[in-house]
Amino acid sequence: MKRVITYGTFDLLHYGHINLLRRAKALGDYLIVVISSDEFNWNEKHKKCYFSYEQRKALVEAIRYVDLVIPEESWSQKRTDMHEYHIDTFVMGDDWKGKFDFLKEEGVEVVYLARTPEVSSSQIKRDLYDPASVGDNQTDHSDINTDPGK
Ligand code: C2G
């Protein structure tokens with residue numbers, strides 16, 4: 001069984017994340033996703049997530065390509081993760097190209113996959129900050145004819 005691992009924040013889960021996870025799974029049989037904890041995100045990446053770690057974990061666990069989700073709590077855990085989880089292939093989007101080549105020393109294949117260019121969690125947040133770009137909250141369906149046959 002070929003075991004693949006990837007790391008990330010996965011806040012405001014979007015199709016760029018799904019594209020990455022689908023291609024990562026295609027490289028093996030078992031995919032582990034290491035999701036940044038809230039503390040790691042804030043202390044190390046200066047990112048404040050919209051969804052908590054537990055919420056991001058539940059979302060990613062629901063993806064058909066994902067077999068296991070564990071927390072990312074430090075930059076340095078990657079080396080030990082490769083051995084603890086018997087990893088064959090490490091995968092990241094190519095915005096990280098070259099940054100994790102050192103993991104080859106741990107005997108794993110390092111693969112950088114092309115990012116999905118036009119979407120990102122931070123772009124979503126910027127777009128949503130502009131109220132003009134968003135429709136009303138569609139919870140009132142009283143004006144919709146759900147049975148056009150009548
Ligand atoms: N990604 C992608 N296309 C996008 C957005 C993200 O392919 N449009 C990929 C990223 O390249 C990364 C993964 O999806 O491989 C997760 O992206 P983020 O949630 O932004 O994670 P990041 O902040 O890059 O954290 O130790 C590594 C870090 O935890 C990575």
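**Terms and their grounds**

Guide: K2 lies in the segment that precedes β1 (3–8); helices (H or I, at least four residues) and strands (E, at least two) are DSSP runs, numbered from the N terminus. The model is predicted, so local features need pLDDT of at least 70 and side-chain atom pairs count only at pLDDT 80 or more, while totals for chains, interfaces and linings use all residues. Residues are numbered from 1 along each chain as its sequence is written, and side-chain values use heavy atoms, with hydrogens and water left out.

Visitor: Why does K2 count as partly exposed?

Guide: Buried means under 20% relative accessible area, exposed over 50%, and partly exposed in between (1.4 Å probe, protein chains only). K2 has a relative accessibility of 33%, and therefore counts as partly exposed.

Visitor: Which residues is K2 in contact with, leaving aside its neighbours within four places in sequence?

Guide: Contact means heavy atoms within 4.5 Å. By that criterion K2 meets L27, G28, D29, Y30, D88, T89 and E109. K2 and I87, 85 residues apart in sequence, have C-alpha atoms 7.7 Å apart.

Visitor: What makes a set of residues a nonpolar core?

Guide: The set must consist of buried Ala, Val, Leu, Ile, Met, Phe, Trp, Tyr and Cys residues joined through side-chain atoms within 4.5 Å. The largest such core here has 17 residues, and L21, L31, V33, V60 and V66 have the most contacts inside it. Two or more residues come from each of α1 (15–25), β2 (30–36), α3 (53–61) and β5 (109–113). A second, separate core has 15 residues, including I5, I70, I87 and Y112.

Visitor: What does V33 touch, not counting residues up to four places away in sequence?

Guide: V33 touches T6, F10, L21, V60, V66, L68, V69 and I70.

Visitor: How many helices and strands does the chain have, and in which pattern?

Guide: There are 5 helices and 5 strands, in the order β-α-β-α-α-β-α-β-β-α along the sequence.

Visitor: Why is the chain called more spread out than a compact globule?

Guide: The radius of gyration is taken over C-alpha atoms, and the globule rule is 2.2 Å times the number of residues to the power 0.38. For 150 residues the rule gives 15 Å; the chain has 18 Å, well over that value, so it is more spread out than a compact globule. Its C-alpha trace spans about 65 × 35 × 25 Å along the principal axes.
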